[in-house]
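Keep the selection tool ready.

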Amino acid sequence: MPEPLLALFAAAYAGAFASFVGVVIDRVPSGRPLHGPSRCQCGTPVRWRHNIPGLSWLWLQGQAACCDATIPRHLWALEAFTMLLAGTLAWWSIPAAVAVTVVWLTAVAAVGVAHGRKSAVPLQR
Ligand SMILES: [Zn+2]
């Protein structure tokens, strides 16, 4: 039986998690700390309403609110994919073991994105 409220909660939680993973893949390769507010490429702090996982990118149409900077599409894709997957799993009451798998898949996808962007993850040969 579908669980709409649970699906909404799961999607929101997954979006927050994916947003944090996006912060990790954005900041760690450049040596920036994980704590502190999100900032635009121009240095302006991002307002809370411009930092809602999955929704703000759509609302701002991929453009920063403070300047002409582009918000990377891969960050939105990571959040949207994770939210959709978690919401779907919760909607159909898929067991928690599957939810854990979603978390791991998100982390693996983030590492893949980070490696693809900057070769930030050293690979052993
Ligand atoms: Zn800006």
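**Stop 1: the whole chain**

Keep in mind that this is a predicted model. Start with everything selected. The chain holds four helices and zero strands. Follow the chain along its sequence and the pattern reads α-α-α-α. Turn the view around: the C-alpha trace spans about 45 × 45 × 25 Å along its principal axes.

How much of the chain counts as buried? The figure is 23% of the 125 residues.

**Stop 2: helix H1**

Select residues 4–27, which form helix H1. Use the distance tool on the C-alpha atoms at the two ends. They are 34 Å apart, and this agrees with the 34 Å that 24 residues should span at 1.5 Å a residue.

Next, colour the buried residues of H1. They are Ala 10, Ala 11, Ala 14, Gly 15, Ala 18, Ser 19, Val 21, Gly 22, Ile 25 and Asp 26. As you look at the spacing, recall a rule: an α-helix has 3.6 residues a turn, so residues three or four places apart point the same way.

**Stop 3: Ile 25**

Stay in helix H1 and pick Ile 25. Is Ile 25 buried or exposed? Ile 25 counts as buried because 25 C-beta neighbours lie inside 10 Å, and the cut-off for buried is 20 or more.

Show the contacts of Ile 25. Leaving out residues up to four places away in sequence, Ile 25 touches Ala 110, Val 113 and Ala 114. Ile 25 and Gly 112 are 87 residues apart in sequence, but their C-alpha atoms are 9.5 Å apart in space.

**Stop 4: helix H3**

Move to residues 73–91, helix H3. From first C-alpha to last, the 19 residues of H3 reach 26 Å, close to the 27 Å expected at 1.5 Å a residue. The buried residues of H3 include Trp 76, Leu 78, Glu 79, Met 83, Ala 86 and Leu 89.

Step just past the end of H3 to Ser 93. Ser 93 takes a positive phi of about 55°.

**Stop 5: H1 against H3**

Show H1 and H3 together. Two packed helices are described by the angle between their axes and the distance between the axes. Here the angle is about 150° and the axes are 7 Å apart. H1 and H3 are therefore roughly antiparallel to each other, since angles over 145 degrees count that way. The crossing of H1 and H3 is right-handed.

Which residues meet across this pair? On the H1 side, they include Ala 7, Ala 10, Ala 14 and Phe 17. On the H3 side, they include Leu 78, Met 83, Ala 86 and Trp 91.

**Stop 6: the largest nonpolar core**

Select Ala 10, Ala 14, Leu 78, Ala 86, Leu 89 and Ala 110. Of the 19 residues in the largest nonpolar core, these touch the most other members. The elements giving two or more residues to this core are H1, H3 and helix H4 (96–118). Which element gives the most? H3 does, with eight residues.

Zoom in on Leu 89. Beyond residues up to four places away in sequence, Leu 89 touches Ala 10, Ile 94, Val 98, Ala 99 and Val 102.

**Stop 7**

Pick Ala 99 in helix H4. Ala 99 is partly exposed, with 16 other C-beta atoms within 10 Å. Setting aside neighbours within four places in sequence, Ala 99 is in contact with Ala 86 and Leu 89.

The separation between the C-alpha atoms of Val 98 and Ala 86 is 9.2 Å.

**Stop 8: Gln 61**

Finish in the loop between helix H2 (56–60) and H3, where Gln 61 lies. Is Gln 61 buried or exposed? Gln 61 is exposed, with 7 other C-beta atoms within 10 Å. Check its backbone as well: phi of Gln 61 is near 55°, a positive value in a residue other than glycine.

Conventions:
Residues numbered from 1 in each chain as written. Predicted model: local features only at pLDDT ≥ 70, side-chain atom pairs only at ≥ 80, totals over all residues. Core = buried A, V, L, I, M, F, W, Y, C linked by C-beta atoms within 7 Å. Buried ≥ 20, exposed ≤ 12 C-beta atoms within 10 Å, placed from the backbone. Contact = placed C-beta atoms within 7 Å. Expected span 1.5 Å × (residues − 1). Axes fitted to C-alpha atoms, helices over the stretch in contact; angles between N-to-C directions. Parallel < 35°, antiparallel > 145°, perpendicular 65-115°, else oblique. Left-handed = near helix turned anticlockwise from the far one by under 90°.
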